[in-house]
Amino acid sequence: QTTHNSTPVSELEVLATKLLTLSQKTNDSYAATVAYYFLARSYYQCGNTAQCLSNASMCNELSNSNQYTDYYISSCNLIGVVYVAMSEQFLALDYYLKGLYAAKKAKNYAYVSRLLNNIGDMFHNLGVYEEALIYFKKAKACYDEHNLEQRDTYAIIAMNIIECDLLLGKEDEAKDAIYEIAGLLKKEDSDILNCILLSNEIIFYAKQRDYEKTKKLIITLLEDVKHHYEFSHIFTSLLRIRNAIYQLRDREI
């Protein structure tokens, strides 16, 4: 699971399909569990949510019945992510919590932190920012307490906290959080953080009815997001400024 991101999606699907065929011939439940998980990941990366959910569910069932804990936690998380994408928040939360309890029991703190962050992200998408902030802070506390090394995950959690602080009007808390993580961010993370801050500026100037400044910042943001890799923050930043865009009544924008 730690190296699959370097494998092209098409190759991942081919390898996982071969493994599944082999596992069925040898009646190897562990190999089948692994195969279903990576098939689910490949379909997720292709945007095929139906096939992703089908394979992730098979992985979840096999890993649960055979106590393959790591794959059970991973598949719970993946199923939760897919259900959020399908706007099935109750089902998503059910799987997130199953994965969270299993991760806590197994002392897999990297996944505890990730699942707490994903629960926060779900509340964020629903616009329940106070609740989202609680889970983001729990995710960060878990990360800090156990000295986890997945720096990319830390950056995402920290930026989620900053975004919620800004949405809730907690400017001072946001500044403190930015100061704390500024030196830890790589270029891509800095670009995403800049996206979040730009969207906040746009909202501020739109409220002030300074439409010239608002338009200038929107154009900057739209240019910036073309080059980013992390979809959720990009999408959120664009959603946040939609009212400002409507206010401009500018067909080009």
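User: Does Asn117 count as buried or exposed, and what is its relative accessibility?

Analyst: In this predicted model, a residue counts as buried when its relative accessible area is under 20%. Asn117 has 8% relative accessibility, and therefore counts as buried.

User: Where is Asn117 found, and which residues does Asn117 touch, not counting residues up to four places away in sequence?

Analyst: Asn117 belongs to helix α6, and, leaving aside residues up to four places away in sequence, it touches Phe136, Ala139, Ile156, Ile157 and Asn160. With Asn160 there is also a polar contact of 2.8 Å between the two side chains.

User: How do the axes of α5 and α6 cross, and which residues make the contact?

Analyst: The axes of helix α5 (residues 89-106) and helix α6 (residues 109-125) come within 9 Å and cross at roughly 160°. Because angles over 145 degrees count as roughly antiparallel, α5 is roughly antiparallel to α6, and the crossing is left-handed. Among the residues making the contact are Leu93, Tyr96 and Leu100 of α5 and Leu115, Ile119 and Met122 of α6, and the residues of this contact divide into 12 nonpolar, three polar and one charged.

User: How do the axes of α4 and α5 cross?

Analyst: Helix α4 (residues 69-85) and α5 have axes that come within 8 Å and cross at roughly 160°, which means that α4 is roughly antiparallel to α5. This crossing is left-handed. Residues including Tyr72, Cys76 and Tyr83 in α4 meet a set in α5 that includes Ala92, Tyr95 and Ala102, and the contact divides into 14 nonpolar, five polar and one charged residue.

Conventions
Residues numbered from 1 in each chain as written. Predicted model: local features only at pLDDT ≥ 70, side-chain atom pairs only at ≥ 80, totals over all residues. Heavy atoms only, no water. Axes fitted to C-alpha atoms, helices over the stretch in contact; angles between N-to-C directions. Helix = DSSP H or I, 4+ residues; strand = E, 2+ residues; numbered from the N terminus. Parallel < 35°, antiparallel > 145°, perpendicular 65-115°, else oblique. Left-handed = near helix turned anticlockwise from the far one by under 90°. Contact = heavy atoms within 4.5 Å. Nonpolar A, V, L, I, M, F, W, Y, C, P; charged D, E, K, R; others polar. Buried < 20%, exposed > 50% of the residue type's maximum accessible area, 1.4 Å probe, protein only. Polar contact = N/O pair within 3.5 Å; in protein donor to acceptor, adjacent residues only side chain to side chain.
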